[in-house]
Amino acid sequence: MKKIVHITSVHQRFDTRIFQKECQSLRKVGYDVSLVVADGKGNETYEGIKIYDVGKENNRIKRLLFTSKKVIAKAKELNADLYHYHDPDLLIAARSLSMNAHLVFDSHEDFPALMLQRDYIPNALRKTLFSIAKRIEKKSAKEMSAVVCATDNIRNKFLGYERVNAITIKNYPISNISQEKIDHCQITPPKACYVGGLTPIRGVKEMIIACEKAGVGLILAGPFDSEEYFKEMQQLSGWKNVEYLGYVESKEVKEKVYDKSCLGLVLLHKAPNHTLSIPIKQLEYMASGLPSISSKEVVFCKEVVEKENCGIVVDPLNTDEIADAIKRIIENKNLSNQMSENAFKAANDKYSWKGEEKNLLNLYFDLLKA
């Protein structure tokens, strides 16, 4: 039995892409799968996946300097046939794993592009860090057995580096056609929702203001990027309408968030790493039968919402437009029901993990068949 180790220094152990999709898909076809994390929750075996925890480091600099080395050291102890790692923090440290084992890097996002939009990076340093990150990424990718990319745009970038084996495995939701259908338009009082990182560039402020204008509640699930920004949002008059849940495990999101909401919000601002991304929240809303109000700045969201007629596309900075879209869905039950049906059908027919799983398994088979 081939031994596989997935590695992350940043993500939670039950991360949807890493644990629920990739690790579980590999386990189901007979691989011995382990996951090395750094979340401070201890070791355990869950749903057939052995989880090893090296402890959590909250300081970003210390995490970069020390946690990366810890997760790589633990992974090396496990003596795997293939190591699959998920964070750009590990690009350099992971090279030590490549002896006698295949090494796969999973590029969830365009790492260098992130340097241009991180709030904690001073503007004067962003272009310099972008160049450094791109050089590191390019050199490291050529030493990998393969690079798994969340979008075609990211894959094309890696292919442009030459001598890089890059494939696309999109972050489509796990299809669950048998799940209980929720009549979202009957939920009272009406609530919108957002699941994900809570940062300015993801439109949190606009969500709070627009929901207040529309007279609906807002469920927020996810971590705030900084305590300062959290306090700033709490000072908004619309915060009184917010139900803040903090981080919610992926396996609990449907019950705690989606089943209690009338619609989902995807209000990403225009940014280098957003325009050609595939926001998993857009697809999760659809898979749960939630109409969505989505940013026109994200090509994928705009195209899918308009093609499938499963929501409304808006300017993510225009809170009046967002509020009007919310009220249109909330107040028109026939429209809401039709969008809900369209979203659910499209998610299960066209945008499900089933097809992406085949691509992942084919890659592993090709790498490990020798």
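Analyst: Helices (H or I, at least four residues) and strands (E, at least two) are DSSP runs, numbered from the N terminus. This is a predicted model: local features need pLDDT of at least 70, side-chain atom pairs count only at pLDDT 80 or more, and totals for chains, interfaces and linings use all residues. Residues are numbered from 1 along each chain as its sequence is written, and side-chain values use heavy atoms, without hydrogens or water.

Start with the second largest pocket. Its volume is about 210 Å³. (A pocket is an open set of points on a 1 Å grid where a 1.4 Å probe fits, with protein on both sides within 12 Å along at least five of seven lines; lining residues have an atom within 4 Å of a point. Volume is the space filled by probe spheres set on the points, which are joined across faces, edges and corners.) The lining includes Gln20, Lys21, Gln24, Ser25, Lys28, Trp353, Lys354 and Glu357. Two elements each give two or more residues to this lining: helix H1 (16–28) and helix H13 (353–368). H1 supplies the largest share, 5 residues.

Now take one lining residue. Ser25 sits in helix H1. At 3% relative accessibility, Ser25 is buried (under 20% relative accessible area with a 1.4 Å probe, protein chains only; exposed is over 50%, partly exposed in between). A polar atom of its side chain lies 2.7 Å from the backbone oxygen of Lys21. Leaving out residues up to four places away in sequence, Ser25 touches Trp353, Glu357, Leu360 and Leu361 (heavy atoms within 4.5 Å).

Next, helix H11. The 13 residues of H11 (319–331) should span 18 Å at 1.5 Å a residue, and the end C-alpha atoms are 18 Å apart, which agrees (the expected span is 1.5 Å times one less than the number of residues). Thr319, Ile322, Ala323, Ala325, Ile326, Ile329 and Ile330 of H11 are buried. Down the helix axis, these residues fall within an arc of 160°, so they line one face of H11 (the arc is that of directions from the axis to the C-beta atoms). Their cover includes helix H6 (204–214), strand E12 (263–266), strand E13 (292–295), strand E14 (311–314) and helix H12 (333–349).

Last, helix H5 (152–159). Its buried residues are Ile154, Lys157 and Phe158. They cover an arc of only 95° around the axis, which puts them on the same side of H5. Among their packing partners are strand E6 (102–107) and helix H4 (123–141).

Key:
A polar contact is a pair of N or O atoms within 3.5 Å; within protein, one must be able to donate a hydrogen and the other to accept it, and residues adjacent in sequence count only if both atoms are side-chain atoms.
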